[in-house]
Structure formats: C-alpha cells, structure tokens
2 protein chains.
Amino acid sequence: MKWIRARLADGNDEKGSACAPGAFHALLEDDRVLPVRGDPYNGHERTGEILRLDDVRLDVPVVPPTFYCVGLNYTKHIATEGLKIPDKPDVGYRANNALIAHGEDVIMPADATKVHYEGELVVVIGKRARSLSPDEARGCVLGYTMGNDVSERNWQKSDRTFWRAKNTDTFKPMGPWIDTDVDIENMETVVKVNGRESTRFHTNDMLFGIDTFISTMSRYLTLYPGDILWMGTDGHSPDLADGDVVEVSLTGLGTLRNRFVRER
Amino acid sequence: MKWIRARLADGNDEKGSACAPGAFHALLEDDRVLPVRGDPYNGHERTGEILRLDDVRLDVPVVPPTFYCVGLNYTKHIATEGLKIPDKPDVGYRANNALIAHGEDVIMPADATKVHYEGELVVVIGKRARSLSPDEARGCVLGYTMGNDVSERNWQKSDRTFWRAKNTDTFKPMGPWIDTDVDIENMETVVKVNGRESTRFHTNDMLFGIDTFISTMSRYLTLYPGDILWMGTDGHSPDLADGDVVEVSLTGLGTLRNRFVRER
C-alpha cells in the first residue's frame, strides 16, 4: 500500500473538489490518487474521489513530531569521510524547516561551498511505542520512504552542530510516497547525478539495523505516529553544482528527484 | 498578556464545557482562564467562557514544529563543565517526546546516575520569519516562557549525541505560561531544590543574545510560528535524587515546578 500527502495542482482548486484545502493524505494505486479523510496513523476512510497523479502536487509524505536521523551507519561512508566507527547506536536529529518534497529545488546558499547528497532509507513510525524488543520493533512501523540528507561539508566541520550544514531550508528532500510493503533485505540504494549513476550500495548493509535502533531508542523515549528515522548513507558524493539534478532510488520505493540550484 | 495551553482537570469534562476536547489555548488573567477558539499564532477569539486555574490541568504552552536549544551560552556554566567558549552562535536541537508540563514528574531512568537541572529562558516564535537583521529579530517573537533542560551528565559524555542525555522522555519540562511582555534586561533566573536556592544568575548575561541567535539562524532557515528557542543556562546543578523538587523561576514568568522521581 502506498501513501502520499498532496495538494491539488495549480488550477485545480476551483473545481470544488471534496479534498480539504491544504495538504491531504491519499492512497496511490499506479497513477490513480485515492484521497482519504483522516490519515494513515489515526484512521481513515476513502472519500470516493479518484484523481490522477498529474492532478496533484506532492508534498512530503509526513511532517514528523520528531525527526530522527542516524549518522555513520555504513562503513565505506565513515572511512571516506575520515570518521570513527561508532560502537553503539546513538541517534541524532534533523529539523522540519528543511523538508521539501519530491520535485522541489534544493537551494544552495550563496556562501555554501561543498554541498553533497546522501541517499537514505526513511522509516516512518505508525504507532506509539515504548520499550520494544528488537523482535517487536517492526510492529510500530507504518512503512518506508526515501530521504536525501543534503550536507554542506565545510559547515559540518566548522560549526559545533549540524544546524546549517544539514538543516538549511530545503536541505531535506523526502518522498515521494510511503510504501507499507517493501523488502528491506533485498533493497539497493542508487543515486544518480544528471542521469549518471554516482553511488550504489546494498541498503541493509548497516552497522546497526532498524530493529536495533528502534529497540534501543524506545528504552528511553516514546516513538509517536509520524516520527521518522533516517537510516544513514554509504558511499561518497561529488561536490554538487548549480543545476545538478540528483535522483535517489531505492528498490520498490521509486525515485526522489530534486534539482540543486544556487541561491540568487 | 499570558497564554496557556490546558486541558480540563479530571472530572470537569462532563460539564459540557464549550472547550474543544483535548488541549485548548487560553488567556490567563490572575487566576482566571479565558479559553479561545484558535491559537496565539493564526488568530483567536474568546469563547466567552471563564474558568478558574484550579479547573484546568496545564499542558506545555506550545508543541513546537522545531525545538531549538542553545548550548554553552553562559561563561560560568562553560567553565564549570570544563568546556570551550564558542566563537559563534551555533544552535542545537531538542526533541518533542521529552516535553512535560509544569507540575508533571521527571522520571529518571533506572540506569541514570548523574541527573542535573538547567533553568533556561525560552523564546517562543510567533510569526514566520526569514533573513531578519538583529534589529528586526524581536519582531517575530510571540513571548517567553521557561524550560528545564534536564541532563544526564554521564550519557552526555559517553554518547555521540544528546539523544538520551537530554531527550529521554520527561527530560524537558516547559511552562507554565507564555508571557508576551517581559523585561529581559532586568530578569533573574533562580533555581531552587526542595525550597532552597541552588542557582541564581542574571538571565540576559548571555554570550550571544536573542537578537544575534534569531538573526543568524534566519539567514539559513525559516522560523515558524510555535518554534521555540531555549537560551542556555548558567551555574551548576547538584546531582538530583529521587523525590527532589526543582523550581525554576524567572522574573515575571512565575515558577516551573517539577518533582524528580526514580523509574521503578
């Protein structure tokens, strides 16, 4: 089952659609969009309306109460960036201001000098959860989507926190949809720049897996419906330039495409 | 003007109050609670109802889209904790799962060994803002409240991030209300443990002030209505024990009181 969050595309608002103003949740079946009342977390019912994918503008599939992000979870990436391999799963955070949808532009600030992509698997929490064992961990997951953890490497080194290196407006593309049924064990992450493959890795080749993270985190904190957990990245990005188009694809999850443009 | 977020106290729901179920926003005048439809950010109107403070249970005054928190912003605290004085205002993050209201208990996990308070001024953003000069910065502020940035110092040292040291469930008491009119320049922060004064400092004695932070942040990111910015702390906390009651008071903002109890 595929969930999107969308708005009516420009010019469609005046049709008097049954959709609520602003963003709404919908099921995606092929290119048919089936809006619901409610949401994937607290219950929903189909409105009966059927739209086409061309009729809507995709928004990020979820705006999380808390935005978790795993750093340093793939050995090649850690080595390339000259960092130390962690000995336990300490999760980090990103910020909602930076989220943009599939198809929207990443704006590189005028003083950003070394902008990289990081293609990541995103876990979307569906149910309130606390103190889960690793075996129970997947029980609180709604589904999966993709994220691009855009990073300015010089700020990442010079600043005490990742506030602008990773959370500048538009630096967190996510989407296009949440899929409730994917095969994590047999998933590949492929990142293309301007149509040419730049990075490829086995998605589940993680130092600490999804079950370990959810179980460890839930010992100390409550996970809430809509919370997201970005699982980290492997490989190395080239320095991105004005106009570059980056496509993150994970097996079964489609493609998250965003153009990188220089702030003017 | 004082804003609270509240729920009806136990036993009052069946009175058929005009208040929406769940939390509602209200103005506080002395001990009179004046509920509104809407909220302080997008517009509101009084419902006409008048409740008493005893009739309601206070919730945190705001649940932020993004939860910003300044670390290392007072020189004594930096020296006592053996840390380096920052040369620029790099903001950090905290997490919504950890928020609790005035009067609720902080639960210290069974394996927490060194739990400290940090009494802080909290800035609440009222308007969407981007690229503000220091002179313009206050224009986006709705008002001020207080926070206790509860910290487990051993985890703060042993973990790569602050995920459990500072974001364990219940580790972020905030409230009791947002005041739109306070005199930051003449404000003192006082923290008491079990009724005895433990820390006192001039609130505005910051390395980097509110205007500098808001202006610097807004160069790279959009601030949204309801975002919060905790301004850091001075002084040093004793190790807190099961049953300790911590009271954070800032001139004009009342008292944020929470009991610390050991997880059982």
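Which strands of chain A do the buried residues of helix α3(A) pack against? Before I answer, let me say that what we are looking at is a predicted model. The helix covers residues 210-218 of chain A, and its buried residues are Ile210(A), Phe213(A), Ile214(A), Ser215(A), Met217(A) and Ser218(A). These residues pack against β7 (67-69), β12 (119-125), β13 (141-148) and β18 (228-230) of chain A.

Let me now turn to chain B, where five strands form an open sheet in the order β10-β20-β19-β16-β17, with mixed pairing. Because β10 (106-108) and β17 of chain B each have a single partner strand, they stand at the edges, and one side of each is left without a neighbour in the sheet. From one strand to the next, the twist averages 20 degrees.

Starting from the β17(B) edge, strand β16(B), residues 188-193, pairs with β17(B), residues 196-202, in the antiparallel sense over six bridges, and within this pair Thr189(B) has Phe201(B) as its bridge partner. The two strands form a hairpin with two residues between them, and in the turn Asn194(B) has a positive phi of about 50 degrees.

β16(B) also runs antiparallel to β19(B), residues 245-250, to which five bridges join it, with Val191(B) standing opposite Val248(B). Moving on through the sheet, β19(B) pairs with β20(B), residues 255-262, again in the antiparallel sense and over five bridges, and here Val245(B) stands opposite Arg259(B).

How values were computed:
Residues are numbered from 1 along each chain as its sequence is written. Chains are lettered from A and ligands numbered from 1 in the order in which they are written. This is a predicted model: local features need pLDDT of at least 70, side-chain atom pairs count only at pLDDT 80 or more; totals for chains, interfaces and linings use all residues. Side-chain values use heavy atoms; hydrogens and water are left out. Two strands pair if DSSP finds at least two bridges between them. Helices (H or I, at least four residues) and strands (E, at least two) are DSSP runs, numbered from the N terminus. Buried means under 20% relative accessible area, exposed over 50%, partly exposed in between (1.4 Å probe, protein chains only). Contact means heavy atoms within 4.5 Å. Axes are lines fitted to C-alpha atoms, for helices over the stretch in contact, and angles run from 0 to 180 degrees between N-to-C directions.
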